[in-house]
Amino acid sequence: MHTKDNCATCPAHNKANLVKLGINLENVDFVITMAGNPNTGKSTVFNNLTGLRQHTGNWPGKTVSRAEGGFIFNDKRYKVVDLPGTYSLLSTSTDEEVARDFILFGQPDVTVIVVDATRLERNLNLVLQILELTDRAVMCVNLMDEAKRNNLEIDIRTLSKELGIPVIPASARRKEGMNELLQAIEEVATGKYLCRPPKIKSRSKKLKHAIETLSVKIKESYPRLQNVKWVAMRLLEGDNSIIEAVRSGEIGNLHEKQLKRE
Ligand SMILES: Nc1nc2c(ncn2[C@@H]2O[C@H](COP(=O)(O)OP(=O)(O)OP(=O)(O)O)[C@@H](O)[C@H]2O)c(=O)[nH]1
Ligand SMILES: [Mg+2]
């Protein structure tokens, strides 16, 4: 027999707390985004949460521009932004730039990083790049069914401890793990879970000084720009797309463009 308390924590009860809103994006409380390498199941998760039908299929590069949808979970309204897959924030193909720009300048409340459980090591490169930028992220280890089929064991607890963020195993195609993912998103969005991702500490004094000096100058020209240190690093490395964006002033527009919240 179930007591009332048991009932409130069982998955069947919690499922009822998700209301898929499709393209209804009015008065949102939080903006979240689906980021990750190509073909990891981002759009499948997006569809599960919003009830929309973004194109999915078993080859990389299907999502080529931003898609937006909404849902309500535990009475809070969320906007979800589905992004094209990207291997790195340093990539420069057009669809990868769409992803990079939103992750960097869109100020999502939570970045959900969807990774492929069978290609975890390769996927962690982007995860660590994103964690250099934001303290509010959740990692969804998707395709767990495939991992199990291949007898891969994934130590979810240790991953979560080392990355300092919630890590949720899922099989999005079977709609498994979605409720746990929603709970984790809610905890990070509301500040109940404080993420503590590791930061690179090995930069030399000289490099730190150069980044600081350049950051001050960038901030003078673009006071509202986010992730100024990341931009400064790219300028120092000679990243052509960022140099051009700063030179032309496009970097300011990039930021404004991402911030439009319906
Ligand atoms: N076996 C298995 N397949 C999955 C799972 N989740 C998604 N897929 C499949 O993986 C393929 C890629 O899924 P998508 O949702 O299109 O992936 P994506 O990350 O949006 O891909 P891009 O937009 O191209 O970057 C599709 O064939 C999905 O049906 C899962 O949990 N298990
Ligand atoms: Mg997609």
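A disulfide is a pair of cysteine sulfur atoms within 2.5 Å. By that rule, this predicted model has 0 disulfides.

View 1. The sulfur of cysteine 140 has its closest cysteine sulfur in cysteine 195, 15 Å away. That is too far for a bond. Cysteine 195 is likewise in no disulfide, and its nearest cysteine sulfur is that of cysteine 140.

**View 2. Both cysteines of this pair are buried.** Cysteine 140 has 0% relative accessibility, so cysteine 140 counts as buried. Cysteine 195 has a relative accessible area of 10% and is buried too.

**View 3. Two side chains hold the magnesium ion (ligand 2).** The donors are OG of Ser43 and OG1 of Thr63. Their distances to the ion are 2.0 to 2.1 Å. Serine 43 sits in helix H3, residues 42-50. Threonine 63 sits in the loop between H3 and strand S3, and S3 covers residues 67-73. The two residues are 20 apart in sequence, so the pair ties together separate parts of the chain. Are serine 43 and threonine 63 buried or exposed? Serine 43 is buried, and threonine 63 is buried as well.

**View 4. The annotated domain spans residues 29-191.** The name comes from UniProt, where an unreviewed entry lists "domain: FeoB-type G" at these positions. In the model, the end C-alpha atoms of residues 29-191 lie 13 Å apart.

How values were computed
Residues are numbered from 1 along each chain as its sequence is written. Chains are lettered from A and ligands numbered from 1 in the order in which they are written. This is a predicted model: local features need pLDDT of at least 70, side-chain atom pairs count only at pLDDT 80 or more; totals for chains, interfaces and linings use all residues. Side-chain values use heavy atoms; hydrogens and water are left out. Donors are N, O and S atoms within 2.8 Å of the metal (3.2 Å for Na, K and Ca); water is not among the atoms, so sites may look incomplete. Helices (H or I, at least four residues) and strands (E, at least two) are DSSP runs, numbered from the N terminus. Buried means under 20% relative accessible area, exposed over 50%, partly exposed in between (1.4 Å probe, protein chains only). UniProt positions are given in the numbering used here, feature names are shortened, and annotations may be inferred rather than shown by experiment.
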